[in-house]
Amino acid sequence: MNSAAQHPLATHPLAFGAATVGNLYREVSDERAWAVLDAAWQAGIRHFDTAPHYGIGLSERRLGAFLQTKPRDEFVISTKVGRILEPVTPVEGDDMQHDFAVPKTHVRRYDYSADGVRRSLDESLERLGLDRVDVLYLHDPELAAEGTDAALAAGLPAVASLRDQGVVRGVGIGSKDLDALSQAAVSGFADVLMISAQYTLLEQAAGERLLPLMLEHGVRGVAVSIFNSGLLAKPRPASDARFDYGSASAELVARAHRIADICESHGVDLPTAAIAFPLRHEAMAARAVSASSREQVEQTAARAAVDVPDALWSDLTAAGLIP
């Protein structure tokens, strides 16, 4: 397992999540996708995450084309395995069932076997046009037809074998399922866990059990979906804001406003605090953000550079809004 100094994410605490350049929710032109990635690079971001799932390979193709223009040793890239993309003909309809505005050229087939993991990685490298990725995650093992336990039992040794062979530098899983994440943390195979929506300014479920396990077993974390699908993305949440891919309840919106009140009393807006929060825990190596425009990237990078005062966290704790 990687030491803290050798960990591939050790010096890259802000990552760009490339689902948006895979046409998440809406179509993005090639030119706009390139501009978004260029803005991330210009802002100093050198940690990029993608997956075959994102736009049925479109995210990997666009991200890879961009990163091919950059020195390979200057960035860290992660992708995911567990979903094999199988072509379909004729092409009918789009992939909005999975929230991606792309033609449905392929279907996803779950495969966490050693052969499936290797095939998935090889196909990702072909789409990326790169000779290697740095970190490889099992993607959503809780969705496997054979069940979480079987998917982890097959998939974790498979990705760990690739790490041990020097094919990748770090491995783990990406999931929002705390049971799957906890199993991976104690497995002895994982270096890093991508934790979706479970360790944010609004939702700290991972902090109760998972993060202590990660510390105990020397596993680092990357927090994703840190805005909880939008509720924390603006200084003041709208009444119809989204939370974890659904509609936010009135109670959650009110809680977000209470957090925003305290943030503003310290001269910090809600999204800035949301970006800063995950790195307060020593188990966390990075957090990922995303954007669909150059302006969003620049705004997010500026927020990530803000030094949030300790008094803000103390006041949130005193108010019972964070542990």
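A residue is termed buried when its relative accessible area is under 20%. By this criterion, A180, L181, S182, A184 and A185 are buried in helix α5 of the predicted model. Helix α5 spans residues 178–185. Its buried residues are covered by elements that include two helices, α4 (148–164) and α7 (210–217). Strands β9 (170–175) and β10 (192–196) also contribute to this cover. The N-terminal end of α5 is capped by D177. Here, a side-chain oxygen of D177 lies 3.1 Å from the backbone nitrogen of D179.

Strands β9 and β10 belong to a barrel closed by eight strands. The strand order is β1-β2-β3-β8-β9-β10-β11-β14, and the pairing is parallel. On average, neighbouring strands of this sheet are turned by 25° against each other, direction ignored. A223 has R287 of β14 as its bridge partner. Helix α4, part of the cover of α5, lies across β3 (76–81), β8 (135–139) and β9. The helix runs at about 170° to β8.

R294 counts as partly exposed because its relative accessibility is 29%, a value between the 20% and 50% cut-offs. Not counting residues up to four places away in sequence, R294 touches A35, V36, D38 and A39. R294 and A39 are 255 residues apart along the chain, yet their C-alpha atoms are separated by 5.5 Å.

Key. Residues are numbered from 1 along each chain as its sequence is written. This is a predicted model: local features need pLDDT of at least 70, side-chain atom pairs count only at pLDDT 80 or more; totals for chains, interfaces and linings use all residues. Side-chain values use heavy atoms; hydrogens and water are left out. Buried means under 20% relative accessible area, exposed over 50%, partly exposed in between (1.4 Å probe, protein chains only). Helices (H or I, at least four residues) and strands (E, at least two) are DSSP runs, numbered from the N terminus. Contact means heavy atoms within 4.5 Å. A polar contact is a pair of N or O atoms within 3.5 Å; within protein, one must be able to donate a hydrogen and the other to accept it, and residues adjacent in sequence count only if both atoms are side-chain atoms. Two strands pair if DSSP finds at least two bridges between them. Axes are lines fitted to C-alpha atoms, for helices over the stretch in contact, and angles run from 0 to 180 degrees between N-to-C directions.
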